[in-house]
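Here is a short note for a colleague who is new to this structure. The points below take the pocket and then the ligand.

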Amino acid sequence: MIITIDGPTASGKSSVAGAVAQVLGFYHLNSGLLYRSLAYLLVTIRGYSEADLFLVKQDDILICMDSKLFSYTYQDGKISVSYNGSEITQFLKDSLIDYYVSLISSQALVRTAMVSKQHELAAMHNIVTDGRDVGSLVFPNAEYKFYLNASLPVRAERWRKDQFARGHNYFLAEAESRIKDRDTRDETRKISPLVIPLGATVIDSTALTFQETVAKVLSYIQ
Ligand code: C5P
């Protein structure tokens, strides 16, 4: 079975997907982390500068996503991403990666590679997956589809808290402006923009607690 949760930046979809996966005993495939891994690896392993990220080369994608070197695992409720045996998970949520990933995620070569990586990782599992196009494009035949949203101030505050925990302090106005920029880039790109997938249940979590949001998703499935 495939359950998809799409939504804009900091809508809480990854945490909700993780919790739903744990309750159901499913595999959690966080597609944002795959895009983040590629951005991180292009810079650190392939030596990309910010300017290089505007036009990613196929050979570099193949090297970064090589199944013999790149590993995404989900075990006991924990996602672990590593490259050539070294754990990289802890670097992927950095605000610099937020920016770098938005430069590469609109490119056709990148999206094609990411979609096949998602299909490869999803094979043989019951999955809960979250992202921007998982219900619309990657898994259009998923059994359950959700679109999770929340107001901009609520999402900005969540993102700000998350960054604070990582040692970065942003004013709320700065957080709102960054989130808005990412929303615009994700919604207006030509290839697989963020949309509400056909048949998706829309959940607005602005006034819901995390537990209430998870319970709401589960109520449609159970
Ligand atoms: O979900 P998360 O914020 O970690 O995703 C990081 C970025 O990766 C998004 O801003 C978006 O540009 C890109 N992404 C995407 N399609 C997905 C998942 C993520 O374009 N399915």
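How many nonpolar, polar and charged residues does the lining of the largest pocket have, by class?

1. The lining has eight nonpolar, 17 polar and 13 charged residues, where Ala, Val, Leu, Ile, Met, Phe, Trp, Tyr, Cys and Pro count as nonpolar, Asp, Glu, Lys and Arg as charged, and the others, Gly among them, as polar.

2. This is a predicted model, in which local features need pLDDT of at least 70 and side-chain atom pairs count only at pLDDT 80 or more, while totals for chains, interfaces and linings use all residues. Residues are numbered from 1 along each chain as its sequence is written, and side-chain values use heavy atoms, with hydrogens and water left out.

3. The largest pocket holds about 950 Å³ of space, and among its 38 lining residues Lys13, Ser14, Asn30, Arg36 and Lys93 lie nearest its centre. A pocket here is an open set of points on a 1 Å grid over the protein atoms alone, where a 1.4 Å probe fits, with protein on both sides within 12 Å along at least five of seven lines, and lining residues have an atom within 4 Å of a point. Helix H1 (13-24) gives the largest share of the lining, six residues.

4. The ligand sits in this largest pocket, meaning that more than half of its atoms lie within 2 Å of the pocket's grid points. Of the 14 residues around the ligand, Arg36, Ser105, Arg111, Arg132 and Asp186 come nearest, a residue being near if one of its heavy atoms lies within 4 Å. Four residues of this shell come from helix H2 (31-44), the largest share, and eight of the shell residues are charged.

Note on methods: Helices (H or I, at least four residues) and strands (E, at least two) are DSSP runs, numbered from the N terminus. Grid points are joined across faces, edges and corners, and a volume is the space filled by probe spheres set on the points.
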